Amino acid sequence: MIITVTLNPSVDRTVDLSQPLRRGEVQRASGTRQDPGGKGVNISRALTASGEQTVALAPGDAADPLFTGLDAAGVRYENVPLGAPLRSNITITEPDGTTTKINEPGPPVDQDTVERIVERIVARGAGASWLVCAGSVPPGPAPDIYAVLAARVKGALGAAAPLLALDTSGQPLYEALTPGLPVLPDVIKPNGFELAESLGRTDGALFESDPRAAAEAAQELVARGVGAVLCTLGGNGAVLVTPEGAWHAVHEPVTVRSTVGAGDSALTGYLVAAQRGDAPSECLRQAVAHGSAAASLPGTQMPTVAQTRPDAVRVTDLGLPPVGRGTAHPGAADDAAASPSPTHQTPAGPDAVLDLSDGTSGARRAEPRS
């Protein structure tokens, strides 16, 4: 069983154009579709499509279109009533695969709602293999919410706690990777720009274009104690870094229909392979196969395993030296000195209070993707 948590879920509406977008003009859509959305929700949808047991936890009222959409898709979920409509996101896709996404901020989530979500995780967590925390943080919670949530679950379940996967961006990602936290993720899935910001750096464009540079940067996070870094690089495939090594994988060219949800599908592929007990390099292979399959589908459709082509993925060992967890990595001290200090910290121990006040005024916060 894989539990996903989406604090800021959405209903995603996709508008397909038969011609390039012309700003300021009236155009007719060639097609539209509506899907349940939010990163964790997408991962549960993709897991369900791939035949894996999953349950999606999210705030929202049972009658919200998000949950009626999950019912129609046969995805198991548990909703925590919110008393407010969830957000809608709009995606515009052009014939060449160019994707424009407009995300609403989402309704505020209060402390009581988050506490009830934690209770649901704890109730199910002892029988789960993975807990996936994914997506942006809505108005209300402090940016260290994922770090505090992870510590609370670990404190309640101890050795029975599921492995933790994290896919977020901006300050919530930075806070969840702070050195010295009692719980660090077993896998994170940034893109190149998010990898850079997690280290307080600004060279995300370099990582997107240079897999080896991305892998070397990811080693710094593994040295802190992160179990694995799965970094997606768009058309350049993805890299996976663990304490044992680093690999790069790229898929044969595909016709891109929509890139929305491709990263969520990549993490799904990694989890599917990990559930099978595959070696790290094979987990990367399935991740890239899943992500590429998603990019070839319209809207935010999630691929099945049968729609993926692991045989079309080339995996290369980057030959980087192993990095022990919790050890210093060359350049880490310099990066730490250059990194911005977190603007809000809550002690992330098992008895930590879920402080939901947003203390980020004036802070560097990257715009979340979803």
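Aspartate 35 and arginine 33 form a salt bridge whose closest N and O atoms are 2.8 Å apart; a salt bridge is a side-chain nitrogen of Lys or Arg within 4 Å of a carboxyl oxygen of Asp or Glu. The structure holds 16 salt bridges. This is a predicted model, in which local features need pLDDT of at least 70 and side-chain atom pairs count only at pLDDT 80 or more, while totals for chains, interfaces and linings use all residues. Residues are numbered from 1 along each chain as its sequence is written, and side-chain values use heavy atoms, with hydrogens and water left out.

**Salt bridges**

- Aspartate 35 is buried, at 5% relative accessibility, whereas arginine 33 is partly exposed, at 27%. Buried means under 20% relative accessible area, exposed over 50%, and partly exposed in between (1.4 Å probe, protein chains only).
- The side chains of arginine 22 and glutamate 25 also meet in a salt bridge, at 2.8 Å from N to O. Arginine 22 is partly exposed, with 35% relative accessibility.
- In another pair, the closest N and O atoms of arginine 212 and glutamate 216 are 3.7 Å apart. Both residues lie in helix H8 (residues 211-224), 4 residues apart, about one turn of the helix. Helices (H or I, at least four residues) and strands (E, at least two) are DSSP runs, numbered from the N terminus.
- An α-helix has 3.6 residues a turn, so residues three or four places apart point the same way.
- Arginine 212 is partly exposed at 37%, as is glutamate 216 at 35%.

**Helix H9**

- H9 (residues 262-276) has 15 residues and should span 21 Å at 1.5 Å a residue, which agrees with the 21 Å between its end C-alpha atoms. The expected span is 1.5 Å times one less than the number of residues.
- Because 12 of its 15 residues are buried, H9 is largely enclosed by the rest of the structure. Among these buried residues are Asp264, Leu267, Tyr270 and Val272.
- Glycine 277 follows H9 and has a positive phi, near 85 degrees.

**Strands S6 and S7**

- Strand S6 (residues 87-93) and strand S7 (residues 99-103) run antiparallel and are joined by 5 bridges. Two strands pair if DSSP finds at least two bridges between them.
- Isoleucine 90 has isoleucine 102 in S7 as its bridge partner.
- The hairpin of S6 and S7 has 5 residues between the strands, and glycine 97 there takes a positive phi near 95 degrees.
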